[in-house]
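The model shown is predicted.

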Amino acid sequence: MTNAPASSYSFIRTEPARRMRLHDLDVQGDQVLGSMDMGEWCRIHRQPSAGAIGVLVDETVGWAPVPLRQPGTWPVTTELSIDIVGPLPRTGKITCRAQASPPRGRSLHATGLVQDETGDVIAVATTRLRLIDSEVPTPPPAHATLPPTPSGDLLAQMGATLCDHDSMSIAAGSQIANPLGVAHGGVILSAVAVLGQHVLRSRSSELLMSSVHAAYIRAVPVDAVITVQAEVLRSGRAMGVTRVDVIDAQGRLCVAGTVTGHNPNN
C-alpha cells in the first residue's frame, strides 16, 4: 500500500462541519487534530448533548487514515463508536486527536481522544473504515457568502425533529451531506445518540448516555426525509440500552445503532 504524505491532500470542508462550529483540521505528524467551539447550539433541553461531538469525531478519525489509502480508493466508515467518560463543557473549545493504525488489506482502523481546554478527557472514539474504489471527492464550489449557521439547539443544526417519544425525522438536503453526497456519518451518529438518550431518559432521568455505536450498513441518501426509530432493549435502575435504527425513504435499514446509559449514582 502506498502511503501518501499528509501534505499531498487537502481537507474537504463540509456543511455539517460548519454547522457544528468545527475549525479546519490540522495534521501533526501522523495525527490529525480537530476542534470545535461549544455553545448554545450544542444543547438539547438547555443541557449540553453528547451527540454534539458526532461530527467532530467522525471528521477527525475519518481523515486520519486518508494518507494510508491506495491510489484510486477512498475510506468510508463502516463502524463508529464513542465512549463518554467525562462531562461536556457548556462553552469553550474541545479537541479530538486521532491516529490511524496500519491498514489490513482494505480495512482501516483509527482512534480518537476528545478533550476539553484543561486536558480532561471527555470521550474515547474508535472507527473502522473500508476502502472503496473512488477518486478523491471533489470539494463543493466555494461560496462568496455563506448563509449564517442556524440559530437554535443541536436539533436545528441537524435539521432534525423529535416526532414523538421514540422517533425522529431529519430533513432532506445538502446540509447533512458528506463529500460523497450522502448523509454525513457524524450527523447520523449524532441523531442516534440524541434519540437514544432521549428515549432512555424518558424512562429514567438518572440514566446518562455512556456510549453510542453505529454500524453503517448502507449509504443514507439525502434527497428524502430520513427516519430514526428507537426501541428500548433494557431500562433498569443502573443501566439502560436502546437500539436505534436509521431508515431511508424506501424503508431500508441503513444504520443500526446502540445507545447505552448508566446511572452514575447506582
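Asp24 is exposed, with a relative accessible area of 63%. Its salt-bridge partner is Arg13, with the closest N and O atoms 3.8 Å apart. The pair links distant parts of the chain, 11 residues apart: Asp24 sits in the loop between helix 1 (15–19) and strand 1 (26–28), and Arg13 in the segment before helix 1. Arg13 is partly exposed, at 38% relative accessible area.

**Other salt bridges**
- The count of salt bridges comes to 7.
- Asp245 and Arg243 form a salt bridge at 2.7 Å, N to O; Asp245 is buried at 16% relative accessible area, whereas Arg243 is partly exposed at 33%.
- In the salt bridge of Arg252 with Asp248, the closest N and O atoms are 2.7 Å apart; Asp248 is buried at 5%, and Arg252 is partly exposed at 36%.

**Helix 4**
- Helix 4 (residues 185–203) has 19 residues and reaches 27 Å from first to last C-alpha, close to the 27 Å expected.
- Of these 19 residues, 15 are buried, so helix 4 is largely enclosed by the rest of the structure.

**Nonpolar surface patch**
- Val85, Leu113, Val121 and Val124 make a nonpolar surface patch of about 270 Å².
- Val85 lies in the loop between strand 5 (73–84) and strand 6 (93–100) and is exposed at 53%.

**Asn263**
- Asn263 is in the segment after strand 14 (253–262) and is buried, at 9% relative accessible area.
- A polar atom of the Asn263 side chain lies 2.9 Å from the backbone nitrogen of Asn265.
- Leaving aside residues up to four places away in sequence, Asn263 touches Glu206, Leu207, Arg237 and Ala238.

Notes: Residues are numbered from 1 along each chain as its sequence is written. This is a predicted model: local features need pLDDT of at least 70, side-chain atom pairs count only at pLDDT 80 or more; totals for chains, interfaces and linings use all residues. Side-chain values use heavy atoms; hydrogens and water are left out. Helices (H or I, at least four residues) and strands (E, at least two) are DSSP runs, numbered from the N terminus. Buried means under 20% relative accessible area, exposed over 50%, partly exposed in between (1.4 Å probe, protein chains only). A polar contact is a pair of N or O atoms within 3.5 Å; within protein, one must be able to donate a hydrogen and the other to accept it, and residues adjacent in sequence count only if both atoms are side-chain atoms. Contact means heavy atoms within 4.5 Å. Patches are made of residues with over 30% relative accessible area and no salt bridge: like charges are joined within 9 Å, nonpolar side chains (Val, Leu, Ile, Met, Phe, Trp, Tyr) within 5 Å. Accessible areas come from the Shrake-Rupley method with a 1.4 Å probe; for residues, only the protein chains shown count as cover. A salt bridge is a side-chain nitrogen of Lys or Arg within 4 Å of a carboxyl oxygen of Asp or Glu. The expected span of a helix is 1.5 Å times one less than its number of residues.
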